[in-house]
Amino acid sequence: MQFFLDTANLAEMRAAKAWGLLDGVTTNPTLMAREGGDWRAVMQAICREVEGPVSLEAVGDTADELIAMGLDLVRNGPNVVVKIPMTPEGLKAVRVLRSKGVDTNVTLVFSPMQALLAAKAGASFISPFVGRLDGLSQDGMQLVADIMAILRNYAGMGMDARVIVASVRHPRHVAEAALMGAHVATVPFSVLRQMFDHPLTTAGLETFNKDWAALNG
Ligand code: E4P
């Protein structure tokens, strides 16, 4: 499984990279706004920092607007993936961008049908938002299971989209995604950090350190 960081913060990317856990990055307008500053410069710095795919989100109501912004976004680095909203106009844009060799990540996916449409349109990545569904008392991980089953049914038949489990709220989301064979989980830095922890690791380490100190007088 690949780990992407769901952030526009360079310090977080550097920390994940030092652990060898940075396979890519996803951003969105909210995450970009949180960083502030000159968004073009921030995007270019992210693309330089990250070796893998960097999702930058196109904003617009029509396919033409999304295509134009997508073609502008890819100028920020060789590893840009254009994030496109899951709308009829968005899928038109996916098709055109694919024909121009631009990778896309269809975002705001909340149903298996939306995922199937995005895969058929030629999306490189599909992002089901599990945490936001859980927040509505629906089952975000069931959505991922359904999407994985659909993609497996048609493997080798022209749909090569990879699934990015997004809107991740806790390590259990990541564990379940890995068990389902999801290709990627994009995680906030706080969740990545939580993934290291277990109370028995902390307690065990404390005892070992204490006993080692006693052994050494
Ligand atoms: C994914 O690419 C999105 O940026 C992200 O996971 C959105 O998650 P949120 O529900 O935490 O905003």
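L10, M13, R14 and K17 in helix α1 meet A45, I46 and E49 in α3; contact means heavy atoms within 4.5 Å. This is a predicted model, in which local features need pLDDT of at least 70, side-chain atom pairs count only at pLDDT 80 or more, and totals for chains, interfaces and linings use all residues. Residues are numbered from 1 along each chain as its sequence is written, and side-chain values use heavy atoms, with hydrogens and water left out. Helices (H or I, at least four residues) and strands (E, at least two) are DSSP runs, numbered from the N terminus.

**Helix pair α1 and α3**

- The contact of α1 with α3 holds four nonpolar, no polar and three charged residues.
- Here Ala, Val, Leu, Ile, Met, Phe, Trp, Tyr, Cys and Pro count as nonpolar, Asp, Glu, Lys and Arg as charged, and the others, Gly among them, as polar.
- The axes of α1 (residues 10-18) and α3 come within 10 Å and cross at roughly 5°.
- Axes are lines fitted to C-alpha atoms, for helices over the stretch in contact, and angles run from 0 to 180 degrees between N-to-C directions.
- α1 and α3 are therefore roughly parallel to each other, a term for angles under 35 degrees.

**Helix α4**

- In α4 (residues 63-73), the buried residues are A63, L66, I67, G70, D72 and L73.
- Buried means under 20% relative accessible area, exposed over 50%, and partly exposed in between (1.4 Å probe, protein chains only).
- The cover over these buried residues includes α3 (39-49), β3 (54-57), β4 (80-85) and α5 (88-99).

**Largest pocket**

- The largest pocket has about 300 Å³ of space.
- A pocket is an open set of points on a 1 Å grid over the protein atoms alone, where a 1.4 Å probe fits, with protein on both sides within 12 Å along at least five of seven lines.
- Its volume is the space filled by probe spheres set on the points, which are joined across faces, edges and corners.
- The lining has 19 residues, and D6, N28, L31, R132 and R169 lie nearest the pocket centre; lining residues have an atom within 4 Å of a point.
- Both α2 (29-35) and β5 (104-109) give two or more residues to this lining.
- α2 gives the most, with three residues.
- The lining divides into six nonpolar, eight polar and five charged residues.

- L108 sits in strand β5 and has a positive phi near 65°.
- At 33% relative accessibility, L108 counts as partly exposed.
- S167 lies in the loop between β7 (162-165) and α9 (171-179).
- Its phi is positive too, at about 55°, although S167 is not a glycine.
- S167 is buried, with a relative accessible area of 7%.

Note on methods: Angles under 35 degrees count as roughly parallel, over 145 as roughly antiparallel, 65 to 115 as roughly perpendicular and the rest as oblique.
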